[in-house]
Amino acid sequence: MRIPSLQNRLRLGQSYLRKSDVSDGLPVYLVVESTSICNLKCIMCPYPSMGRKNEHMSMTVFERIVAEGAGFVEFMWLHLFGEPLINKNIYRMIDMAEDAGIRTGISTNATLLDEKAANAVLDSKLSIILLCLDGATKETFERIRLGAKFDKVAANIRRFAETKRSRQSNLKVDLQMIDMTANRQEEELFLQQWRGQGFDSVTVKPFHTWANQDESLIQITPPAPPHQSGQCYEPWTGLTVLADGTVVPCCNDYAGRLPLGDLKTQSLGEVWNAEPMRALRRRFLGEEPDLAGTICEGCPYGVATELQACTGTGPFDAVGQQFDHYMRGANPMPRLQPTEHRILDLHVTPPEGPVSAGEAFACEVKAYNLSSCNLSSIGENGVYLSYHWVAPAGTCLVVDGERTPLIPDLAPGIDRKYALRVVAPDLPGNYALVVTAVQEGVGWLEDWDPNNATTSMLAVTAAQPAPVQL
């Protein structure tokens, strides 16, 4: 996690709260359609009726997206309405983005996930893969995934899990079934069959209604009612790029009905605050959103809370959002034992110069896992980075600092960098910032061993008064 990423998220959140049609930040999240070609015609997907050209994304366009997004884009999905493993350049795309500091994920129907492809995926630097298996029996699966063979797909998935285990890969793998009336009777059987097989999570995913646009799709499960209030966060957090380089508001625009720009001729930054994007944001900003005639009109999807916007979490934290959402069904963090003593080696890069009283700021924390346990923030006993503020006299002013989740997890013998969000004390002075970790419901790790914490001295200056509005 780069410190500028947290600062960018906070700027996005502030723009969202101000209801500004101009964003002070840059997108943290991209959906990039590596290919619009698919080998199946699934009953819950608008692919058969989307009416766009079937093509792979040009590597020239993709290279521009990565080069322009480095430094502020945090996460990138490399699929939309095509099967990503059809594109022979997918592994180059993954590694190019990851080398630029952009985490990546793909979703695959696993029809092409043979032994060669499985090893290629595991050789790549991919962060998350979603494996889709929408049935526990051959009859149900093949009635949903038209063109796929259950026995072949199940064998591909089983072999992939075995290969991942044998290679001790850190790739996050979510095996999922989409909840539909056509397979709901098999959900428990699906979970029983696949839990404990080596996946990070096995989940039943809610059906995506594609903003209630397609009558044939919303008959699969009852449509969700549209939001009656609040503003969608998507125009303030990210963009979707179709295979031909066209930018659209989000993944629900499967037909490219609302183009916002073209990355063959424009940069990400230009599209982000160009008039089409600003006009879309303005539709959400009145007392009643003006969404008539747009794909947003019947959309049931989320609005961001004020807390998420203020802290740069939730949809404004693209990496955290994706890992948290798809690892929700993963094994929860077990209770650590105080007898383990030394668990973390922490190195903190504090901000240069003083910070203002009451100000939220970011510190880079490099954490090395000395234990034999995978450290994660999943479950009621999740492990989080946190801090205390200590006055010169030794008085602890802030005992219970804000929590920063370990996203992604911290495996044994691995070091990662995280952006720790810290709020300065309310009064000016010179203070010790003690950075450590806490396991919720168990205890503070530095109580077990003082070496599980590190201390930095920081000057806190008086907060600057807000400018007077004349």
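**Pocket lining and a helix pair**

Guide: Strand 16 gives the largest share of the lining of the second largest pocket, three residues. The model is predicted: local features need pLDDT of at least 70, side-chain atom pairs count only at pLDDT 80 or more, and totals for linings use all residues. Residues are numbered from 1 along each chain, and side-chain values use heavy atoms, without hydrogens and water.

Visitor: What makes a residue part of a pocket lining?

Guide: A lining residue has an atom within 4 Å of a pocket point; a pocket is an open set on a 1 Å grid where a 1.4 Å probe fits, with protein on both sides within 12 Å along at least five of seven lines. The second largest pocket has 49 lining residues, and N170, K172, F323, P408 and R416 are the closest to its centre.

Visitor: What is the volume of the second largest pocket?

Guide: About 1000 Å³. Its lining has 22 nonpolar, 14 polar and 13 charged residues.

Visitor: Why are helix 2 and helix 3 called roughly parallel?

Guide: Their axes cross at roughly 20° and come within 10 Å. Angles under 35 degrees count as roughly parallel. Helix 2 and helix 3 are therefore roughly parallel to each other.

Visitor: Which residues of helix 2 and helix 3 meet?

Guide: M59, F62, E63 and V66 in helix 2 meet R92, M93, M96 and A97 in helix 3. Contact means heavy atoms within 4.5 Å. By class, this contact of helix 2 with helix 3 has six nonpolar, no polar and two charged residues.

Methods
Axes fitted to C-alpha atoms, helices over the stretch in contact; angles between N-to-C directions. Helix = DSSP H or I, 4+ residues; strand = E, 2+ residues; numbered from the N terminus. Parallel < 35°, antiparallel > 145°, perpendicular 65-115°, else oblique. Nonpolar A, V, L, I, M, F, W, Y, C, P; charged D, E, K, R; others polar. Points joined across faces, edges and corners; volume = space filled by probe spheres on them.
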